[in-house]
Amino acid sequence: MSESQPVKFVNQPISESLKSFTNIRLSSGAVGRGLVVLLVADGLLLLFFGQPLVMDAALLPLWLGGLFSFVLADFGSKLRERLLLTGYLNFLYLLSWFTLGTLPTLALILIGVSLAALLRVGWGPRLGLGKVSKTFAWRLALLQAAWFSGALLVVAAVYHLLGGTLPLDSHELVATAAALLAAFGVPQVLALWLAGDSGLAPVWKAPRAVFFLEIFLLVLAPALALTLPSAGTLFVVIVLTLLGVQALRDIQMLDMRWQLTQRVEQLSLLAQMAQQVTTTLVLDDLLLSIYHEVQRLLPSTRFMAALYDEETQTLDFPLTMVNGQRVERVTRPLADTPTDYVVHSGRSLYLRADNDVLRQKLHIALPPPGENRSVYLGVPLLAGDRTIGALALEHDDDPNALDTHAQMVLEMVAGQVGVAIRNALLYERSTKMTNALALMNTSVQHIMFNLDSAKGLETACATAMAVSGAQKSAIYVLDMAHKTRMRLAQQHNLPAAYVQAFAEQPYEPEHYAAGAYVVPDTREDARMAEAGRLGQFQASAQIPLRSSSALVGCLIVYYERVHYFQQHELDLLKTLSYQITAALDNAELLKALEIYASEQAQLVYLSRMSTASLELDKVLAGVAALLEQMVSIDHVRVAVLVAGRERLQLFDTGGSRLNVRNLALHALPEVQALFSGAQPLLPQIFQHSAGVTSPELRALMQENGESTLALVPLTVNGNVLGAMLLGSRTPREFSDSEIRLIEMAMNQVAAQIYNARLFATTEEDLKRRMEQLSLLEDIAQEITGALDLNKLISFVLQAAISATQADVATLGLLTEGERFWFIVRERSADGQWQEHYQTSMAQNGISGRVAHTGQTALVVDNQLDPDYIVPSKTRVYRSSLVVPLRKEERVMGVLNVESEEINFFTPQQSSFLNNLAGHAVISIDNARLLQERQREIETLQRLR
């Protein structure tokens, strides 16, 4: 509510005195007190003053005439101005008492108020006297009987104590005067006490003419009683009848005068109200002023001001007062209540609780249990030809509190204030819009140009609540690493349970196809019911954040109560969403620039570091350390294909030094797929928990407890060198920027690995050539000096093993019988080299094929060569290299080396072994010739 004060009207409001007796509050306590007074008073009267006078038939018409007049006077009474006007009734029961005694007078009072109550219930509305409930009529009759019986008891006691006798004697003036004084004051006091209504006023507060009429009627009672003996009963009966009729006529005339006064005051007040309602544009102050003045005109237990929103088809109740207390503001869709009928039809409605026929005809539902009201009165609020709402009154207890006259008054009020309320609504809306736009203009700098995106989003949340009137807000942004969900980037006032449960939301652009996703009541939306329970809200609006046409997030505002959104509210939030989207784009651009700068700096450092050395181990160690920092990983491995072989060298950077392992290519199927072309040359991400990796790769991940492994191909000029394996002990995903950075780094790393391997290979080849030349020189010297054939062959075999790192070497010489004589040098089980001899047919095995063709045989896999003969039953050799021992055009034998590994031997080793065979064949042939000459000499010597 605004701090300004409600409008006050300067003229006197319509007096509370204009209310009828139906507004007297007759509580259960008042009824209880009245019953006690009635029983006590009647009992004492019967006990002490109950002896009746001698009443003959001639006095019966007098009693009947008094009863008739008493009923007329009581029936016509409305207690106008809430005054206790008892003059006619005092006159009638005093005249009866002075002439007939106590018992007839008690009968007159009890029977008179009972008949008046019956007439008031049955005939009151027909005679324009208003309708009352049976309960009220009998409660009023009980209280009237109580205060008149109590007054009669006091009058009788005072009169008899002062020596008065009945019937009345003209000499008993003192006793009579005292009795009249008691009859004047006691009913007033008893009535005020019994009713317990502070609004009732005693007769001495009445206008002077009315007061003197009460006194005159009181004095007339003993005077007429004294004239009875001389005037006769008939005269008194006629007088009584005329007085009864006159009492009814006087009351009706007084009622007409009061109605006229009431109408004049109402018109005056309405005219004043019409001038004053234009002095404020604050809706809350205006409605409060209307409420106060309507209550003075038409008291009710419930006042409602309802405003109709045609856009949302809802009723807003900005002011509802129940028994003088303001209740919480409510907004709801149109329903089937009486107020909805008034707004929908544009007609006034007067509806009593017992009028079920009208309720069914107008299709109005029954009120909720426990909210049954006696009467409802509603009138439309009109601004031109449009219905903008309704004013409604309800009364819980008295069905006659509101009538057709009240309807006319309320319609006049509504006609005066309708335009003022519309203007106040427009002013309130324009003020809110102006303040919201000013706030958004102020916040745009904090949102769009704040380098701290978290601060900018926090400001955006606060601004969203301010412009929409929401109690909570949140901003979700698209997770760029996983574009299937949105993460909670900022929130305000949301409970921890909601934040934990809805830290992420699915990315569902289809929900925003029509714009904002609006939920006026979460209890009616299955998708939002659980969220509303955890977040302690009942309404929400999700505004999409779009960059170009792509959804990048959403702004959400939450309301703790049901809220029906107007288009201008959504427009304001949409405008704010543009600012937030721009801020997100700026933040994303700044982040991208920072990442790009960081990536370039890291790549420059990587380039400098990787080109600082051509030693492969140093390059890999430096690259691994930098990659661990660049993409936050725990372990780096590099698998490099050994040139010309089906195996990998696995470089492991874990620990303090570089560890190298040799693996068969099929030991890592995912890497093997890169070389076979079965897998695109793109980074692959493997999760240990996903179960999609091969058993071999899973075992490799388990070595270091890795949950996530990125396999990145290493390529140079389209040729695959191997792969980089980046491991993380915690499950994680790699963002697009991280993948891009890794790919760029791998391009540099692959080139450096290629260069380092080329350098290492070249250096190794050069070193090997030097070693081979040195070895060949040593072998040539040794062979040239060796004359023992066995020693010569052993030396050749050892040289072949040393140069090729073979597991076994065999030298086979062809004999004259077309057989091979083999000398085999092989490592024993205890690691010692041993030699043994064996023979075979010259045409068998790979050796036979080489001896026959004279061509070197480089066998990658012995098991795949059909000519291969297994040389040992205890050991398995997988690859072979066999060269011929050629002297000029003739093959003298073969030199064979074998390894337990597949594809172990290289063409370079084949070249070396051929050179070794060339040197060996000459020396072997010379040694054989020398041995033959020595045998011939020994033979000649034996023949001498």
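Author: A residue counts as buried under 20% relative accessible area, exposed over 50% and partly exposed in between, with a 1.4 Å probe and protein chains only. This is a predicted model, in which local features need pLDDT of at least 70 and side-chain atom pairs count only at pLDDT 80 or more, while totals for chains, interfaces and linings use all residues. Residues are numbered from 1 along each chain as its sequence is written, and side-chain values use heavy atoms, with hydrogens and water left out.

Reader: Is Asp 861 buried or exposed?

Author: Asp 861 meets the side chain of Arg 878 in a salt bridge of 3.2 Å, N to O; a salt bridge is a side-chain nitrogen of Lys or Arg within 4 Å of a carboxyl oxygen of Asp or Glu. The pair links distant parts of the chain, 17 residues apart. The relative accessibility of Asp 861 is 12%, so this residue counts as buried.

Reader: How many residues of strand S25 are buried?

Author: Strands (E, at least two residues) and helices (H or I, at least four) are DSSP runs, numbered from the N terminus. S25 spans residues 890-899 and is largely enclosed by the rest of the structure. The reason is its count of buried residues, nine of the ten.

Reader: Which residue of S25 is the bridge partner of Leu 885?

Author: Two strands pair if DSSP finds at least two bridges between them. S24 (residues 879-887) runs antiparallel to S25, with nine bridges, and the two form a hairpin with two residues between them. In S25, Leu 885 has as its partner Gly 893.

Reader: How many residues apart in sequence are the parts tied together by Asp 316 and Arg 329?

Author: The side chains of Asp 316 and Arg 329 form a salt bridge at 2.4 Å, N to O. Asp 316 lies in strand S2 (residues 314-322) and Arg 329 in the loop between strands S3 (325-326) and S4 (330-333), so the parts tied together are separated by 13 residues.

Reader: What is the relative accessibility of Asp 340?

Author: Asp 340 and Arg 332 meet through their side chains in a salt bridge of 2.7 Å, N to O. Asp 340 counts as buried because its relative accessibility is 2%.

Reader: Which residues are linked with Arg 849 in a network of salt bridges?

Author: The structure holds 15 salt bridges. Those in the network link Arg 849 with Asp 865 and Asp 867.
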